[in-house]
Amino acid sequence: MSDFEFDASDFFEKLDKADHNVTGIGKAIMEDSVMDLAKIASNIAPIEYGALGGSAKSKTVVKRGAIEGEVTFSAVSKDGNGRFNYAYWTHEMDYNLGPASSKATGMAGYSVGNKYLERPLKGEAKKYVNWWAKALAKGL
């Protein structure tokens, strides 16, 4: 009868290192993805008042088992009728663009107008998936 010994410490050490590498790569790619999305969305957001495009913020959060990316816009005006969420309204509603927005050229094939965050998110999704696939393949 023969004895069999297996030292798993090296295996688990490499597994931990691979997990750490994947998390770092994933966080970097998520940051690149949300910054790219924020850049496109900022350039196709309506520009009548100027505050909306410059209000874009992106953030990446690493949680246990997940990497989350977020792009937000914030433009709220106050008048005698209360607070008006200009960012939400210009994203969700249909409206006629003002002169400055109508003359703007947009970016990356996207025109200035509503759904300024949703349109590039859907349109660039394949590009972001490819970035992830290439980076993760390189990192593993």
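Modeller: Rings of Phe, Tyr and Trp (its six-membered ring) pair if their centres lie within 6.5 Å; planes under 30 degrees apart count as stacked, over 60 as edge-to-face and the rest as tilted. This is a predicted model, in which local features need pLDDT of at least 70 and side-chain atom pairs count only at pLDDT 80 or more, while totals for chains, interfaces and linings use all residues. Residues are numbered from 1 along each chain as its sequence is written, and side-chain values use heavy atoms, with hydrogens and water left out.

Biologist: What is the angle between the planes of Phe 73 and Tyr 116?

Modeller: The structure holds 4 aromatic pairs. One of them is Phe 73 with Tyr 116, an edge-to-face pair at 5.0 Å centre to centre, with the planes at 80°.

Biologist: How many residues apart are Phe 73 and Tyr 116 in the chain?

Modeller: Both residues are buried (under 20% relative accessible area; exposed is over 50%, partly exposed in between, with a 1.4 Å probe and protein chains only). Phe 73 is in the loop between β2 (66-72) and β3, and Tyr 116 is in the loop between α3 (99-103) and α4 (118-139); helices (H or I, at least four residues) and strands (E, at least two) are DSSP runs numbered from the N terminus. The pair thus links distant parts of the chain, at a separation of 43 residues.

Biologist: Which residue in the hairpin of β1 and β2 takes a positive phi?

Modeller: Strand β1 (residues 57-63) runs antiparallel to β2, joined by 7 bridges; pairing requires at least two DSSP bridges. The hairpin has 2 residues between the strands, and the positive phi, near 80°, belongs to Gly 65.

Biologist: Is Thr 60 buried or exposed?

Modeller: Thr 60 sits in strand β1, opposite Gly 69 in β2. Leaving aside neighbours within four places in sequence, its contacts (heavy atoms within 4.5 Å) are Lys 27, Met 30, Glu 31, Val 34, Ile 67, Glu 68 and Gly 69. Because its relative accessibility is 16%, Thr 60 counts as buried.

Biologist: How far apart are N and O in the salt bridge of Lys 115 and Glu 92?

Modeller: A salt bridge is a side-chain nitrogen of Lys or Arg within 4 Å of a carboxyl oxygen of Asp or Glu, and by this rule there are 7. Lys 115 is in the loop between α3 and α4, and Glu 92 is in helix α2 (residues 86-92), 23 residues apart. Their N to O distance is 2.9 Å.

Biologist: Which residues are linked with Lys 115 in a network of salt bridges?

Modeller: Glu 118 bridges to Lys 115 with the closest N and O atoms 3.9 Å apart. Lys 122 bridges to Glu 118 at 2.8 Å, both in helix α4 and about one turn apart. With Lys 115, the network holds Glu 92, Glu 118 and Lys 122.

Biologist: Why does Lys 122 count as exposed, and Glu 118 as partly exposed?

Modeller: Glu 118 counts as partly exposed because its relative accessibility is 29%. Lys 122 counts as exposed because its value is 61%.
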